[in-house]
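Please keep the model open beside you as you read.

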Amino acid sequence: MKFSEYKYERPSFEEINKKIISLINDMKKSENFEKFDKNIVEINKIRNHVESMKTLASINYSINTHDEKIAIENRYWDEYGPEYKKIDKIFYETIVNSDFKTDIEAKYGKHFYKLVEFSLKEFSDEIVDDLKIENKLCSEYTKLLASAKIFYDGKYNNLSQMNKYMLSENRDERRMASEKFYNYFELIEDKFNSNFDELVEVRNRIAKKLGYDNFVELGYVRMKRTEYGEADVAKFRDEVRKKWISLVDELNKQKKCRLEIDELKYYDDDIEYPGWNMEPVTDYEETLGAASKMYHELSKETGEFFDFMVKNEFMDLETKESKGFGGYCTYIPEIKAPFIFSNFNKTFDDVDTLTHEAGHAFQLYMSKDIDMPEINFPTLDCCEIHSMSMELLTWPWMKLFFKEDNEKFKRTHMATIVRLIPYCMVVDEFQHIVYKNPKLSPKERNSEWRRLEKIYTPWKDYDGNDFLEKGCWWFKQGHIFKNPFYYIDYALAEVCALQIWADMQDDYDRVLEKYIRICRDAGKRSFVETVEEGELKSPFEKDCLDIIIEKIYNWSIGKI
């Protein structure tokens with residue numbers, strides 16, 4: 001079914017509730033696992049339909065945040081999403097209180113059972129109204145980003161369209177465009193602060209109602225971190241602080257020589273080569289054609305996957321007015337279809353985002369026969385292994401997009417990855433501070449952000465931009481507002497993806513086979529188990545970073 005043919009229809013909560021409760025009552029009466037599981041299958045059909053309608057409403061809203069009919073449906077799910085969680089809670093309680101734990105784990109996996117237990121720890125009927133408020137605030141943040149109209153180059157641009165100017169080969173234009181970009185956030189600084197104030201307040205209230213000291217512990221439960229906790233993440237951040245920053249310094253040193261500048265400024269972050277603005281040589285249609293060729297040559301499975309996505313219109317990639325900022329991949333379970341959302345703007349990010357989100361989508365395509373909603377999409381730390389590895393597995397085909405600048409792309413991509421990891425530490429530790437101190441004022445929060453930047457990203461020079469110097473860079477980081485404690489997953493997964501990058505240089509076919517295998521597993525395994533299945537070293541092992549740093553350093557020496 002094509003995306004344009006798949007029609008949204010708001011479900012009736014009352015009818016859904018009645019049907020599922022009836023099936024749950026039958027589950028409770030089941031004399032054997034066969035009858036018990038038969039009801040699970042029927043319940044999942046209904047749950048997958050509900051999730052599909054919710055996802056479709058969200059996709060439609062991100063494509064056009066200014067369409068009032070679409071906005072009404074998005075608000076409906078902000079309001080009723082938590083009501084459906086009440087039904088899920090009863091379903092989960094029936095599973096954990098049943099006599100069929102061994103059978104459940106045999107069919108759906110031990111990790112599924114742990115996920116159900118964690119889901120019960122993050123919800124109670126008492127927090128439903130608070131969850132509605134949280135949803136509403138997240139939607140408001142999305143609209144704040146989508147509403148940007150920045151006058152530059154003789155026309156109004158949204159945030160995604162400004163990115164092209166911020167990556168210009170001309171340094172003065174990069175500076176001016178960056179100032180215009182962040183000026184949008186400065187002009188409505190009070191709105192961003194107010195939105196986040198309310199998000200912190202409601203999340204703290206939810207945590208207290210659920211019996212947690214603060215939102216940090218609940219945040220880990222929400223992320224379904226079943227086998228590692230706050231102490232493990234803190235040790236990882238410390239390892240990055242001690243070992244990784246010197247690698248960034250080395251790459252920055254090389255970059256300054258190439259660009260022939262004495263000091264790097266914040267608007268130089270993503271530029272690696274003089275006279276090259278990182279623009280792919282392909283236009284929109286050519287980019288899709290190149291991607292099709294790439295995925296057909298990569299493997300039989302990836303070729304079939306990409307044909308499925310294109311033929312059935314499961315990608316919305318071009319930037320448009322009123323379209324949400326950034327990119328994502330989501331899943332429509334009822335029709336077993338991944339969906340990729342992006343904002344192509346004729347920059348490096350077009351290719352980088354496409355391969356990243358295609359990694360998520362490929363995993364979902366390979367595991368589409370898993371009908372249990374809790375495990376058809378893995379926990380997010382595992383998800384990012386799939387996406388970030390796909391970025392690197394496609395390196396042999398980058399010449400299709402960048403021609404003679406192919407090697408420049410690889411160097412730029414690696415530098416972006418290397419700088420991302422310490423930035424992830426800033427985001428993660430910032431959130432720990434904020435949610436352990438929910439009464440911090442906006443000024444105090446910003447001060448903490450800037451302090452952390454100086455620890456983990458000491459090369460960051462804001463060149464007299466007072467707004468950024470006082471610590472407001474984070475306003476544009478949607479994960480901080482909408483997905484608390486997500487961002488460390490990028491760093492954990494990137495460490496795994498870099499191991500795949502290193503191994504693929506020796507035996508590409510074997511590495512690809514392992515990658516496809518962990519994609520098929522979807523959410524059947526935890527992050528730690530997925531790392532083991534992929535024959536990778538855990539980021540929490542003390543010497544893991546040492547090995548990767550050495551490989552990147554050796555690779556970078558002598559590169560153009």
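1. A word on burial comes first: a residue counts as buried under 20% relative accessible area, as exposed over 50%, and as partly exposed in between, with a 1.4 Å probe and protein chains only. Please bear in mind that this is a predicted model, where local features need pLDDT of at least 70, side-chain atom pairs count only at pLDDT 80 or more, and totals for chains, interfaces and linings use all residues. Residues are numbered from 1 along each chain as its sequence is written, and side-chain values use heavy atoms, with hydrogens and water left out.

2. Let us begin with charges. The structure holds 58 salt bridges, a salt bridge being a side-chain nitrogen of Lys or Arg within 4 Å of a carboxyl oxygen of Asp or Glu. In one of them Asp-268 pairs with Arg-171, with 2.6 Å between the closest N and O atoms. Asp-268 sits in the loop between α12 (245-259) and α13 (284-298) while Arg-171 belongs to helix α8 (residues 171-187), so this pair ties together parts that are 97 residues apart in sequence. Helices here are DSSP runs (H or I, at least four residues), as strands are (E, at least two), numbered from the N terminus. Asp-268 is buried, at a relative accessible area of 0%, whereas Arg-171 is partly exposed at 29%.

3. Which parts of the chain does the salt bridge of Arg-237 and Glu-429 link? The N to O distance of this pair is 3.5 Å. Arg-237 is in helix α11 and Glu-429 in helix α19 (residues 406-436), distant parts of the chain that lie 192 residues apart. Arg-237 is buried at 9% relative accessible area, and Glu-429 also counts as buried, at 18%.

4. A local pair is found in helix α20 (residues 442-456). Glu-448 and Arg-451 form a salt bridge there, at 2.8 Å from N to O, and being three residues apart in the helix they are separated by about one helical turn. Glu-448 is partly exposed at 21% relative accessibility, as is Arg-451 at 38%.

5. Now look at how two helices pack. Helix α11 (residues 230-243) meets helix α26 (residues 544-556) at an angle of about 35 degrees, and their axes are 10 Å apart. Axes are lines fitted to C-alpha atoms, for helices over the stretch in contact, and angles run from 0 to 180 degrees between N-to-C directions. Phe-236, Glu-239, Val-240 and Lys-243 on α11 are in contact with Leu-545, Asp-546 and Ile-549 on α26, where contact means heavy atoms within 4.5 Å.

6. The largest nonpolar core has 197 residues, and Phe-185, Trp-244, Leu-498 and Trp-501 have the most contacts inside it. Such a core is a set of buried Ala, Val, Leu, Ile, Met, Phe, Trp, Tyr and Cys residues joined through side-chain atoms within 4.5 Å. Not counting residues up to four places away in sequence, Phe-185 touches Leu-145, Leu-159, Phe-192, Phe-467, Phe-475 and Lys-476.

7. Finally, visit Glu-169, in the loop between α7 (159-166) and α8. Glu-169 is partly exposed at 46% relative accessibility.
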